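Here is a friendly tour of one protein chain, from its overall build to the place where its parts meet. Have the viewer open as you read.

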Amino acid sequence: MKRVYLDHIAATPLHPEVLEAMRLCLAEVTGNPQSLHAEGRQALDAVEAAREEVAGLVGAQSSEIYFVSSGTEANNFAVKGLALGQQARGRHVVVSAVEHSSVLNSVKALERQGFSATLVPVDRFGRVDPADVEKALTKETVLVSVMTANSEVGTVQPVAEVAAVCRRRGVLVHTDAVAAAGSIPLDVKALGLDALSLAGDQFYGPKGSAALFVRKGVRILPLIDGGIQEGGRRGGTENVAGIVGMGRAARLARQEMEARTAALVTLRDRLLEELPGRVGHVIVTGSRTERLPHHASFCIEFVEGEAMLLSLDMKGVAVSSGSACTSKALKASHVLLAMGLDHATAQGSLVFSLIDGTSAEDVDYLLDVFPPAIGRLRGMSPLYTQYLKERGS
Amino acid sequence: MYSDKVMDHFANPRNVGVLPDADGVGQVGNPVCGDMMTFYIKVKDDRLADVKFQTFGCGAAIAVSSMVSEMAKGKTLEEAMAISNDLVAEELGGLPKNKMHCSNLGADALHEAIKNFHDKKAGRVPSAGGPADLHEHEGCACPYCDSSLEAEDKTFCRACRVEFEECPSCGGITKKGDAACIHCGKSLGNKT
């Protein structure tokens, strides 16, 4: 059966050049990057070349890039490592209400250690107001973390403005750019950031490859104690092939970003415009203007997200949902609730995230199979029956 | 994550629909919780001559409803009352642990419909309509990590070291001290 993969936010496929670079690395690189012999130096060269590429993708120096195992680890490292590193100055952190769970739960871990935290609200498009960040700052604040873009609603945050506020007040600022890096241009110097998380599997690199940028001179405590790897800030033998893959993926993203974006934006806008009309009672979630180029998200009324996800999967289309039922914790999406959507509407969350190579035919196919799939579920929904009855009377 | 049988009932649910002249109607859950099921029954000679349902919810909720309708059809009312949520899950080849609590309410909805039938017959006020609090807590799992909560102590997850309380609105297990229930979103009366 035809498969249409529209779940970029979960993982992207490997770029063929990335696969080839990794295959060569796995086949030919024997040594440990920390070993002094020729085999070790070969591994180290591969890691350092990749570090250059990743640094180049976000405008950093290569010595400011630390490789880690996932976006989640990068966020844990940033939030805990930066806050604990500055705790002599204060024990208060500020994050947005729509951060990824790896940021929110890192904040909870800090709270258990005596920190206090302020969640900054978002508007109905999921945007943070930098003025609200400023209001949340206290004399005790040592760290602000506001994501670059949200994977569930695609909204891109005013990170430069948030960073400007933080700089003025002498507070460190981190951004979780996992959903954004590789898809939109990012320059840590122009944005004025102290730390930034990114993950290779969001730009056609391998799963298990990620990095944290930490500005030179900023104190951060390690999360993983061990040897001298990553400048002593992240112990453990390097995932050499993963790092090599991420490096190649970063180079390709830098070279191809403009072309990839141009192709995807057209298809994204078509989905945002056409899909609601195909079935009715659809809300576009997130911002129309400040939005990731590959991201279209909706809440479909009267039906539940997991049931839609499974129905579309049976038709060959892979998507995500932020509904309570697809999350193992069975919790309604904190992002949609923070945007002011009610619990029932939030249950109908559906995210289409396009990948490089998604074609107009793929979108046609989706728009064809979508109405019958939703129609079938609405046909068995007591909420829809109730709605029709109320409308009729 | 789901058994083939669950997927079959999800893809081809049996007995979906509404019985306009139903002898009994039962409804459990609400859209806020994520799952809502309505069962309609026709009763003839003390047997379920017809059973139909409508469900808003995840794949498990739809499959459970379908399975209940299939199990119940043709049964005597007494036999139908003996169908338990656990039995339904077993017939489906098992359900993920975290779905046992919230989506496995089909038998409850059927039982509500049968009660509604008895009430109507006896001239009592029909019980159908309002969402019933029928969550069962036996075999309850932690809403965060999915590990089983001790039968005698459902208020604490050892793995997460999280304390829970029972939501007064929906009966679900939710984190103690939170402002709102994670299942139904209703206020727990705690100040944050």
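Predicted model: local features only at pLDDT ≥ 70, side-chain atom pairs only at ≥ 80, totals over all residues.

The contact between the two draws on 20 residues from domain 1 of chain A and 23 residues from domain 2 of chain A. On the domain 1 side, the elements that contribute two or more residues are β10 (295-300) and α10 (334-338) of chain A.

What kinds of residues does domain 1 of chain A bring to this contact? Sorted by class, its side has eight nonpolar, nine polar and three charged residues.

## The chain as a whole

Stepping back, chain A contains 13 helices and 12 strands. Its C-alpha trace spans about 80 × 50 × 35 Å along the principal axes. The radius of gyration is 22 Å, which agrees with the value near 21 Å for a compact globule, because that is what 393 residues would give.

## Burial and contacts

Of the 393 residues in chain A, 56% are buried. Looking at contacts in chain A with a separation of 6 or more, 72% are between residues 24 or more positions apart.

Methods:
Residues numbered from 1 in each chain as written. Chains lettered and ligands numbered in written order. Helix = DSSP H or I, 4+ residues; strand = E, 2+ residues; numbered from the N terminus. Rg over C-alpha atoms; globule rule 2.2 N^0.38 Å. Buried ≥ 20, exposed ≤ 12 C-beta atoms within 10 Å, placed from the backbone. Contact = placed C-beta atoms within 7 Å. Nonpolar A, V, L, I, M, F, W, Y, C, P; charged D, E, K, R; others polar.
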